[in-house]
Amino acid sequence: MASRKAPPRKTKSRSSSSRQGSRKAPKRQKLTAGEWFERLVALQARLRAPNGCPWDREQTHATLRTYLIEEAYEVLDAMNSGDDVKFAEEMGDLLLQVVFHSQIATEQGRFTVADVIREVHEKMVRRHPHVFGEKRARDAAEVLRNWEQIKAQERQGAQGREGNATAKTERPKSLLDGVPRTLPATMEGLQLTRKASRAGFDWDNAHGVFEKLREECAELRHASETKDAARVEEEMGDLLFAAVNLARFLQVDPEIALKNANAKFARRFREMERLSADNGQAFAEVPRAEKEKLWDATKRNEKADAERKPAKGEAAGKR
């Protein structure tokens, strides 16, 4: 197992000048997507070969788990950066993880990257009968309902193929089956409430969810007064779950929304530290009341900067 935190060959560092402004992708050899993919698969096989890269040869599915998650988040960050070269690069890093895991599985005789592609291709055709079959869907909501029904049928078919040897120990089937417990909590909650909604268990409108959120907040406040740690934890979980459900109802991804809120807080906090330093004082030594004033000043400056920036379309129209 690798003792290093990051693969030595994976270079994320780029000069500061290359990150500024929009960048143009360098000219590449004219190959099809399939040809480039075959080259990537062959390259990863070469790195895993006996005379390949020592770091790559040490990796297992378990040691690569962290990178798979990290790359997914780096794709999201690049998506928001407006830098298409960075976006494409991070998508490539995420694709590499799929190829890497597939190569390890190939060496173990379990499956190949061709199996991975075939499975997802057949699944997409199977789950879009309104495009590739005779079935019709009036809107996106009906597409999602059909999607869940098809997934349920697929699970039943898979269980039938596995036989009845474990039937006595299996728990009853649920529409919530298929939501991985390994997901981050907000993503798990989003998927659970989404599946429940598609089964018809949902609020009539957002007003009911707002009321539930207020109810859970009141219950948490009451629990905090009892000094019962277990109850406080439970009520905090209920409040967070209600917030996730509200995000889903408002068509907001709670994980991305929270990541953006985290980034905003970090940006404003660093600006407060800068303002304190400009005044010749370490932020930690600033009195609490002054910290609040710095926070308000940071928010005002941020808002003023945003108002001074022209909209993208407006800026383009002035050229």
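## An all-helix chain and one of its pockets

The chain has 14 helices and zero strands, and this description, like everything that follows, rests on a predicted model. Among the contacts with a separation of 6 or more, 55% are made by residues 24 or more positions apart.

Helix H9 covers residues 185–198, and its 14 residues reach 20 Å from the first C-alpha to the last, close to the 20 Å expected at 1.5 Å a residue. Its buried residues are Thr186, Glu188, Gly189, Leu190, Thr193, Lys195 and Ala196. Just after H9, Gly200 takes a positive phi of about 95°.

H9 also takes part in the second largest pocket, to whose lining H9, H10 and H11 each supply at least two residues. The volume of this pocket is about 530 Å³, and 22 residues line it, with Gly189, Thr193, Phe241, Ala242 and Asn245 lying nearest its centre. Two of these names, Gly189 and Thr193, are also found among the buried residues of H9. The largest share of the lining, eight residues, comes from H11.

| Kind of lining residue | Number |
|---|---|
| Nonpolar | 11 residues |
| Polar | five residues |

Technical notes. Residues numbered from 1 in each chain as written. Predicted model: local features only at pLDDT ≥ 70, side-chain atom pairs only at ≥ 80, totals over all residues. Heavy atoms only, no water. Helix = DSSP H or I, 4+ residues; strand = E, 2+ residues; numbered from the N terminus. Expected span 1.5 Å × (residues − 1). Buried < 20%, exposed > 50% of the residue type's maximum accessible area, 1.4 Å probe, protein only. Contact = heavy atoms within 4.5 Å. 1 Å grid on protein atoms, 1.4 Å probe; cavity = no way out; pocket = protein on both sides within 12 Å on 5 of 7 lines; lining within 4 Å. Points joined across faces, edges and corners; volume = space filled by probe spheres on them. Nonpolar A, V, L, I, M, F, W, Y, C, P; charged D, E, K, R; others polar.
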